[in-house]
Amino acid sequence: MNSTSPTPQENQPVVFRGGTILTMDATRRVLKHADVLVIGEDIAAVGPALEVPGGTFEIDAAGGIVMPGMVDTHRHMWQTAMRGYGADWTLTQYFVWYYLEHGKAFRPEDIATGNALSAWDALDAGVTTSVDWSHGLSTLDHAEAALSALEETGGRFVFAPGNIFAGPWEWTAQPEFTDFVKRRNPRTDMMKFQLAFDVTGDPAFPEKAAFEVARELDLPVTTHAGVWGATNDDGVRLMHEHGFMVPGTVYVHAATLSEDSYQRIAATGGSVSLSTESEQSCGQGYPPSWVLRRHDIPMSLSIDTSVWFSSDLFTAMRTTLGADRSYEHMRAHEKGDTVTHSSLRAEHVVDWATRGGAAALSLDHAVGSLEPGKKADVVLLRNDHSPSAFPVLNPYGQVALQAGRGDVHTVLVNGRTVKYDHRLMGVDLDALRRRVETTVEHLQSELGPEAWQQDMNPDIPETRIMDNPYMYTDYRDSSTHA
């Protein structure tokens with residue numbers, strides 16, 4: 001007999017009935033009018049008219065889409081309490097505000113608040129795994145606060161500590177930091193660690209020490225590469241020459257690299273995290289999915305930061321399709337030609353948002369597809385109150401170009417229900433709102449009312465920021481100047 005309780009209970013089996021199932025397995029099977037059964041932490045079965053244990057909670061998925069939880073491979077979660085503040089920023093203005101002037105104004109509790117808000121924001125949008133590219137950790141107290149905030153939400157995370165206020169060779173060498181990693185890294189599928197730092201291209205390659213720490217701690221590295229004026233081919237070449245381009249390395253943006261660098265990434269088993277909305281708006285370079293496809297480099301999708309952008313992967317999928325197709329059309333028109341068939345299809349970006357992200361984080365054994373035996377990170381898109389939710393004729397097109405967070409009906413992470421019937425479970429949003437208000441009030445008081453308003457479109461001070469955003473080094477990359 002099936003349960004009639006109003007919401008799924010802890011440890012209760014759950015079955016999604018009669019939906020369109022995007023399995024996102026190796027063959028991208030789409031099952032119509034099918035079910036997904038979850039028992040404990042795992043997906044127990046996928047198929048039509050499944051038999052279920054007594055007491056199973058049934059969720060009507062008819063007319064909806066059941067898909068794997070989405071995976072965001074690069075999000076500066078600590079900045080989410082500043083949501084939308086930098087809507088009109090360029091990348092240079094972002095560097096000025098965070099790297100040069102105000103990033104150190106964030107207290108440990110402010111980092112924790114941003115992380116908590118971002119984590120729940122992600123879960124609300126069906127993003128069940130997030131990489132916290134946490135580069136605002138000026139002290140270990142900040143790192144402890146950031147990690148604890150993630151652990152309290154029940155999402156699946158990869159914690160990538162970093163510190164933009166000191167050289168990677170400095171903060172990674174501190175015994176307190178390595179002790180923190182050894183003590184706090186559980187090495188489970190629910191929480192993994194990366195190291196987050198950038199490579200400037202300085203011929204002395206001071207970042208070598210940080211790579212050696214990553215190797216000693218057995219941690220993959222995630223790095224902003226191919227960002228115009230900041231990190232380009234010299235950094236990739238130095239990584240390669242010293243043997244640090246290894247499988248599991250995630251290159252974020254990769255928008256302004258040479259053919260040689262793309263070949264190095266492809267040959268060494270790296271992957272690229274596309275933040276298309278960011279790349280379009282900020283100036284890292286044109287979103288590079290078109291060239292990454294040519295080199296067969298695996299891709300995943302990411303938000304970057306909500307100080308600018310939307311915090312859901314629906315928008316990431318949509319903008320990635322638009323940028324790639326726009327590039328293809330422009331190149332064809334320049335030659336007096338036209339595109340008759342799009343090379344990048346909706347199913348590809350849905351794959352990057354799910355299975356591709358899981359593979360980039362070495363989590364594809366556990367999540368990224370709906371298959372028996374995998375962990376139950378499951379999302380139901382169904383919205384009976386919106387005319388945009390039907391008809392579902394092309395389910396990949398519906399996900400990539402029609403759906404939004406308002407269509408996320410149910411979210412399971414590791415078999416636990418964190419959202420049901422369009423409402424988050426297990427979070428006090430009023431309390432979270434008060435925490436965010438406290439952080440905003442603190443930052444406003446630090447800046448003062450005039451600067452707070454002015455810095456939504458800050459002036460660029462006379463500083464080397466135009467040549468080098470990394471204040472911890474005097475090295476400047478001359479490749480962007482005549």
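Analyst: Across the whole structure, 30 salt bridges are found, a salt bridge being a side-chain nitrogen of Lys or Arg within 4 Å of a carboxyl oxygen of Asp or Glu. This is a predicted model, in which local features need pLDDT of at least 70 and side-chain atom pairs count only at pLDDT 80 or more, while totals for chains, interfaces and linings use all residues. Residues are numbered from 1 along each chain as its sequence is written, and side-chain values use heavy atoms, with hydrogens and water left out.

One of these salt bridges joins the side chains of Arg156 and Asp377, with 2.8 Å from N to O. Arg156 lies in strand 8 (residues 156-161) and Asp377 in the loop between helix 12 (346-360) and strand 15 (378-381), so the pair ties together parts that are 221 residues apart in sequence; helices (H or I, at least four residues) and strands (E, at least two) are DSSP runs, numbered from the N terminus. Arg156 is buried at a relative accessible area of 1%, and Asp377 is buried at 3%, where buried means under 20% relative accessible area, exposed over 50% and partly exposed in between, for a 1.4 Å probe and protein chains only.

Other salt bridges have other surroundings. Arg183 and Glu144 also meet through their side chains at 2.8 Å, N to O. Arg183 belongs to helix 5 (residues 175-184) and Glu144 to helix 3 (residues 140-151), so this pair ties together parts that are 39 residues apart in sequence. Arg183 counts as exposed, at 54% relative accessibility, whereas Glu144, at 22%, counts as partly exposed. In a further salt bridge, the side chains of Asp25 and Arg29 meet at 2.8 Å, N to O; Asp25 is buried, with a relative accessible area of 6%, and Arg29 is partly exposed at 37%. Salt bridges also link Arg28, Arg345, Glu347, Asp351 and Arg355 in a network.

To return to the strand that holds Arg156: six of the six residues of strand 8 are buried, so strand 8 is largely enclosed by the rest of the structure. In a regular strand the side chains alternate between the two faces of the sheet. Here Arg156, Val158 and Ala160 point one way from strand 8, and Phe157, Phe159 and Pro161 point the other way.

Strand 8 runs parallel to strand 7 (residues 127-134), to which six bridges join it, and strands count as paired if DSSP finds at least two bridges between them. Within this pairing, Val158 of strand 8 is the bridge partner of Val131. Strand 7, helix 3 and strand 8 form a right-handed β-α-β unit, right-handed meaning that, with the strands pointing away from the viewer, the path from the first strand over the helix to the second runs clockwise. Strand 8 also pairs in the parallel sense with strand 9 (residues 191-193), over three bridges, and there Phe159 has Phe193 as its bridge partner.
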